[in-house]
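Biologist: I would like to go through this entry with you and ask what stands behind each label. Could you set every value against its definition as we go?

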Amino acid sequence: MFACFFLLLTAGLFAQEPIRLPAAKPSDCAACHVGKSPLPKDHVATSDLTMKDCVGCHAKGSPTALAGKLPLSHVHQLSGATCAQCHEDPKNPEPVAKAKCMGCHDMEKVAATTAGVKPTNPHTSPHYGKKSDCNLCHHQHERSENYCSQCHKFDFRLP
Amino acid sequence: MSDNKDVIGTSRRGFLATTGKVVAASVTVAGLMGMGEAEEAKSCASTLPSKWDESYDVVIIGSGFAGLAAAYEAKKAGSSVVILEKMRTAGGNSIINGGGFAAAGNPLQSAQGLKDSPELLATDMIREGLGLNHPELAKMVAEQSWPVVKWTIDEFGAKYQDHLMQEGGHSVPRTYMTPTESGSEVVNPMLEKLSRMGLDVRTQVYVERILRDGVDGRVKGLQVRTGYVFPKTGSGKVKTIQAKKAVILAHGGFGQDVPFRTMQDPKLTATMDCTNHPGATAELLREALRVGATPIQLSWIQVGPWGSPDEKGFGLGPHFAQEGAAMFGIWINTTTGKRFISELANRKLRADAIMNFMNHGQKCIAIADDNMQGGVKHLIPKLLERGVIKQYQTWEEVAAAYDVPLDALKKTVADYNRYLAQGKDEEFGRYLNKEAKPLQLPVYVQRLLPKVHYTMGGVNINVKAQVTDVSTDQPIPGFYAAGESVGGVHGAVRLGTVSGPTCLVFGRIAGQNAAAEKPWT
């Protein structure tokens with residue numbers, strides 16, 4: 001009796017939690033977000049949309065910008081990067097080293113893009129230069145964080 | 001409960017007699033996980049695993065100056081080495097520090113006609129440390145202070161300015177500064193060279209247990225959590241790491257551990273900011289004490305007088321307040337408009353004075369003009385941009401901005417300028433820098449806020465960097481320590497910029513001696 005109740009309870013919980021399906025189409029939200037859409041009710045249908053389409057409405061720096069709202073793994077997926085491009089074995093994923101990120105992103109270019117950010121460029125620091133691991137701040141499967149803020153009052157907004 | 005207390009008491013007095021039984025009875029238990037916490041807590045000895053997950057000659061905990069220096073020496077001596085770091089980045093507080101290294105009797109001093117010697121540095125350290133310093137440890141640091149700076153240049157290609165800095169309590173300017181005034185310019189070349197030697201820091205490894213054998217009393221390894229995510233207790237996977245020669249503690253101080261630091265010094269409550277990174281906590285010190293290390297001078301915790309309320313943590317303010325205002329300007333109490341101390345007094349005297357004023361609702365500011373010398377000049381734009389310092393064109397503006405009595409302020413400046421002209425500070429006897437010029441408008445001003453900075457106390461070591469046993473005063477076999485984790489070098493007050501040399505000097509000693517140990521079998 002107790003066991004049955006426990007099973008029901010956990011099954012109920014799992015229905016709320018998204019599952020990770022490496023084979024799912026990136027724009028098919030419902031494939032992973034079973035039972036509960038993460039989007040507002042009146043959101044346009046996402047099927048066949050790419051990241052470029054998303055940004056068409058959710059412009060960078062605008063009030064509806066997706067920075068901090070859409071997990072970076074989704075940004076990557078919607079931009080055409082698959083699970084297997086980052087993880088050797090998507091079914092049993094290991095943490096990704098910076099070298100993998102640098103396969104697509106050039107560190108010099110990244111640092112140049114944010115050269116004007118105040119109060120300081122987050123992609124080069126007096127402590128770590130340009131060698132900081134991307135994952136210190138830019139998490140893929142959980143909310144990103146401002147690693148610098150553990151010692152500084154730098155109000156960076158980051159994807 | 002009372003039984004438990006008795007066992008702890010006897011085990012400390014008769015270590016070998018009591019703890020030997022614990023291990024003998026449990027050697028057959030596979031791994032550590034079979035043994036309950038309560039059982040293990042009975043003694044400072046631990047159950048050793050029958051099979052270790054990893055094995056090295058020398059296991060180093062911490063990746064700041066001390067840990068990296070130890071690793072370099074041990075590796076060079078042919079030992080297999082691992083450096084464990086609990087945080088997600090290597091370098092500890094060393095990679096965020098101010099980049100100053102006191103070096104007594106250095107070539108820059110000779111070129112400028114400044115007389116100095118290791119004896120004078122040791123005298124400064126012991127005088128300001130109220131004689132609580134262990135003389136042999138202080139002297140070791142003083143003697144090696146210039147050689148170890150030279151070592152960073154020769155071995156790692158570290159670069160320094162050609163301008164000497166002076167911190168409080170030092171008789172003369174003797175401090176080498178890295179070009180951008182960050183310790184990272186020494187840490188990063190060390191990390192790079194170690195990496196080329198095949199030794200990369202293992203980040204996100206949290207040490208849960210130091211494993212000391214109850215039979216021979218030797219420290220033989222660690223129980224750690226790999227993949228640990230600070231500060232999530234219990235994150236990561238439990239593993240055991242064998243140290244065939246030695247474990248070296250280089251985990252730093254506990255300035256950010258509010259409960260522990262408040263226990264040692266009740267004044268240093270959570271309301272105080274701290275210059276350290278958030279991982280500077282006390283759990284490994286507690287663990288070292290649990291396995292029998294001797295604690296020393298834990299209550300002597302340094303508060304840096306030069307912090308700013310207009311930025312978090314260490315920031316940039318200390319550079320301006322020290323290298324600008326303390327060397328080439330003045331510090332004043334805004335209520336009186338007067339200087340209140342030699343700006344080159346040691347950190348404790350200055351911080352205590354400011355905190356006492358603050359307790360009476362009074363504030364202090366640091367003032368300097370464009371004549372300041374050295375690398376701090378290059379930091380002025382950032383300091384202004386971040387609002388840590390402000391520039392004023394008239395003394396009236398300064399008086400209005402900080403509510404200072406104008407006449408008193410003007411008199412203070414005139415007096416200070418007169419002291420410079422006559423070469424003698426009549427009020428406080430401050431060392432007057434050869435390059436100092438009369439203070440003139442426009443000036444920069446920083447508000448001062450003391451912040452918790454450094455823990456002088458830690459585990460007790462001898463000159464070989466061996467940790468001593470609280471029950472016997474003898475070295476604990478296979479157990480070394482260096483850097484801020486160690487107490488007794490600085491006594492009541494660590495002089496500014498002596499931490500870097502202390503970490504490097506004892507790190508090297510620990511690494512060399514650990515590598516020379518005979519492996520246990």
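Modeller: In chain B, 76% of the contacts between residues at least 6 apart in sequence join residues at least 24 apart. A contact here is a pair of residues whose C-beta atoms, placed from the backbone, lie within 7 Å. Keep in mind that this is a predicted model: local features need pLDDT of at least 70 and side-chain atom pairs pLDDT 80 or more, while totals for chains, interfaces and linings use all residues. Residues are numbered from 1 along each chain as its sequence is written, and chains are lettered from A and ligands numbered from 1 in the order in which they are written.

Biologist: How do you know whether the radius of gyration of chain B agrees with that of a compact globule?

Modeller: The rule is 2.2 Å times the number of residues to the power 0.38, with the radius taken over C-alpha atoms. For 521 residues it gives a value near 24 Å, and chain B has 24 Å, so the two agree. Along the principal axes, the C-alpha atoms of chain B fill a box of roughly 80 × 50 × 40 Å.

Biologist: What makes Gln512(B) buried, exposed or partly exposed?

Modeller: The count of other C-beta atoms within 10 Å decides: 20 or more is buried, 12 or fewer is exposed, and anything in between is partly exposed, with C-beta atoms placed from the backbone. Gln512(B) has 19 such neighbours, so it counts as partly exposed. It sits in helix α16 (residues 499-515) of chain B and touches Glu73(B) and Ala77(B), leaving aside residues up to four places away in sequence. Over chain B, buried residues make up 55% of the 521 residues.

Biologist: What should helix α8 of chain B span, and why?

Modeller: Helices are DSSP runs of H or I with at least four residues, strands are E runs of at least two, and both are numbered from the N terminus. The expected span is 1.5 Å times one less than the number of residues. For the 13 residues of α8(B), 184-196, that comes to 18 Å; the end C-alpha atoms are 18 Å apart, so the helix agrees with the rule. Its buried residues include Val186(B), Met190(B) and Leu194(B), and the buried residues of α8(B) pack against α4 (65-76) and α7 (135-156) of chain B. Just after α8(B), Gly198(B) takes a positive phi of about 85°. In total, chain B has 16 helices and 18 strands.

Biologist: What makes a set of residues a nonpolar core?

Modeller: The members must be buried Ala, Val, Leu, Ile, Met, Phe, Trp, Tyr or Cys residues, joined through C-beta atoms within 7 Å. The largest such core has 100 residues, and Val58(B), Ile60(B), Ile248(B), Ala481(B) and Ala482(B) have the most contacts inside it. Helix α7(B) gives the largest share of this core, nine residues. Apart from it lies another core of 46 residues, among them Phe328(B) and Leu409(B). Back in the 100-residue core, Ala482(B) touches residues including Ala66(B), Ile248(B) and Phe506(B).

Biologist: How many residues does each chain bring to the contact between them?

Modeller: Chain B brings 16 residues and chain A brings 10 residues. By class, the chain B side has three nonpolar, eight polar and five charged residues. Here Ala, Val, Leu, Ile, Met, Phe, Trp, Tyr, Cys and Pro count as nonpolar, Asp, Glu, Lys and Arg as charged, and the others, Gly among them, as polar.

Methods. Contact = placed C-beta atoms within 7 Å.
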